[in-house]
Amino acid sequence: QVQLVESGGGFVQAGGSLRLSCAASGRTFSGLVMGWFRQAPGKEREFVASIRWSGGSIDYADSVKGRFTISRDNAKNTVALQMNSLKPEDTAVYYCAARLIIRREYNYWGQGTQVTVSS
């Protein structure tokens, strides 16, 4: 089992920055892929970014490339999402998730944190 707890959401004006953090606990993480997803009102949940806990293999959605950066801190068991140049369309509930490297689906999810970007 993996427990995930997000923090760092909030309200920001367009062009601003926010940093989300995901604290992970419960098992060894070397075999995991950590991801960030988001869901805006009335829309389906969408992939934002992912990173292998063991290092390397970082992916981003096209909509956030060049603006968002995913990183991990092995010592603190946290995964962060640095979000710069935020746009109103980035407004959503952001979720931290985890899956085994050998799996395609994410089966561990946090409770989500709200990010609101005003124009």
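Ser85 sits in the loop that joins strand 8 to strand 9 (92-100); strands here are DSSP runs of E, at least two residues long, while helices are runs of H or I of at least four residues, and both are numbered from the N terminus. This is a predicted model, in which local features need pLDDT of at least 70, side-chain atom pairs count only at pLDDT 80 or more, and totals for chains, interfaces and linings use all residues. Residues are numbered from 1 along each chain as its sequence is written, and side-chain values use heavy atoms, with hydrogens and water left out.

With a relative accessible area of 40%, Ser85 is partly exposed; buried means under 20%, exposed over 50%, and partly exposed in between (1.4 Å probe, protein chains only). The phi of Ser85 is near 50°, a positive value in a residue other than glycine. Most residues other than glycine have a negative phi.

Asn77 also has a positive phi, near 55°. Asn77 belongs to the loop between strand 7 (68-73) and strand 8 (78-83), and is partly exposed at 26% relative accessible area.

Ala14 is in the loop between strand 2 (10-13) and strand 3 (18-25). Its relative accessible area is 40%, so Ala14 counts as partly exposed. Beyond its neighbours within four places in sequence, Ala14 contacts Leu86, Pro88, Val117, Ser118 and Ser119, where contact means heavy atoms within 4.5 Å. Val48 is 34 residues from Ala14 in sequence and 18 Å away in space, C-alpha to C-alpha.

Ser50 is part of strand 5 (residues 46-52). Ser50 is buried because its relative accessibility is 5%. Not counting residues up to four places away in sequence, the residues that Ser50 touches include Val33, Ile58, Ile70 and Tyr106.
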